[in-house]
Amino acid sequence: MAFEPPQRLLRTLGETAPDGDDWLEKLPEAAQQAVALRELTVERVQVPGGRSSLVVLVRRPGGTPAVLKLAPPRARPESERGALAHWGGTGAVQLLDEPAVEGVLLLERLNPDVSVRSLPEAKALLEAAGTLRRLWVEPPAAHSFETVAERTGRQAEAMRATASGFGDVAALVDAALAARESLLAAPPEQRLLHGTFRQSKVLAAERMPWLAVGPDPVVGECAFDLARLVRDRVEDLIASPSGASITRRRVKRLAESLDVDQERLRRWTLFRAVESGVRALRVGRSKDAELLLEFAGWL
C-alpha cells in the first residue's frame, strides 16, 4: 500500500525542516521495509496521526493488532524506545519491538480514536494525572536521556533569539527565563518524565483503562512534566470569562493531587507556556501564540 503522510505530519515537518527533509523522501520505502521485516499486515495509516511520526495500524503474523511508528531522528525515537522499555508497560503503551530497527517502533495497539480528552474536563484531568503518576520512576542507572536543564537550556536560547524580533513578548520571556533559573537551582527530585504529556497523549486501552503514548522523555523534577497538563484545552480557558481563576485553581488542584509543590508547578507552567508561545510566533502560528501568551500572562 502507499504510505501517504497525513497533513498534520507534513505541516509539522514543514515547520521544523522548512528546507526539506530526506527522511520524508525515504519514508515510503522505510515503511515498506519495516512491514516486510516483521511480516505485518497493514490496515491503514492513522489520520490525523502524530505530529512528528508516521503511525500505521497493523497486525502481527498471528493476527494481534499493533501499531508501527516511524519517526525522524530529530524526534528522538531511540529515546522513546528507551523510556518505553524502562516503563515496561506500566502507565504507558507496551513496546513490542523485535527486531529493533533505528527510527522504527512496534507498539501495543490502543484505541487511537479515544483519549481522555473525550471525557468531561474534571474527569479527564483526574484520569490523566493518575496515568502520569505511574510514569514518574527512577531513571535507569547511567541513563542517556536528556535532562530538563539541557532541554530548557536549548529552548531558552531560542526564546531569547526570537524575543529580540518581537519586542512585545520580551517581558514574558524575561519572567519565564528567570523562573527557569530559580527552578534549576535546587530541583527536588530526578525522575524519568514523559516530557510532552497532555490529555491527547492518554488513550483508551484493554490492559488498563488508560495508557500514555508518544513520550519525548526527559529526566528532571515532576513539576516540569505536570506543567504541560495545566494548560490543556487552553482555547477553552481563554474563551472563559473566568479563565484566569480556573487556571489558578487547576494549578492548585493538580499540585495537591500529585504531591507537587504548587509554586514550582506555577513557574514551570509559565516557562513552558511562554516557550511554546514564542515557538509558535517563530514559525508563524500567530493564533496559537496569542492564546499561549495570554494564558502565560495569568501566571
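Predicted model: local features only at pLDDT ≥ 70, side-chain atom pairs only at ≥ 80, totals over all residues.
**Aromatic rings**

- A pair of aromatic rings is described by the distance of the centres and by the angle of the planes.
- There are three aromatic pairs by the rule used here, and one of them joins Phe224 and Trp268 in an edge-to-face arrangement, with 5.1 Å from centre to centre and 90 degrees between the planes.
- Because Phe224 belongs to helix α7 while Trp268 belongs to helix α10 (residues 262-282), this pair ties together parts that lie 44 residues apart in sequence.
- Phe224 is buried, since its relative accessibility is 1%, and Trp268 is likewise buried, at 0%.
- Phe224 and Trp268 also belong to one aromatic cluster together with Phe271.

**Arginines with a positive phi**

- Most residues other than glycine have a negative phi.
- Arg76, although not a glycine, has a positive phi of about 55 degrees, and it is found in the loop between β3 (65-70) and α3 (77-87).
- With a relative accessibility of 29%, Arg76 counts as partly exposed.
- Arg233 also has a positive phi, near 60 degrees, and its place is in the loop that runs between α7 (222-230) and α8 (234-239).
- Arg233 is buried, because its relative accessible area of 13% falls under the cut-off of 20%.

Definitions and conventions. Residues numbered from 1 in each chain as written. Heavy atoms only, no water. Helix = DSSP H or I, 4+ residues; strand = E, 2+ residues; numbered from the N terminus. Buried < 20%, exposed > 50% of the residue type's maximum accessible area, 1.4 Å probe, protein only. Phe/Tyr/Trp six-rings, centres within 6.5 Å; stacked < 30°, edge-to-face > 60°.
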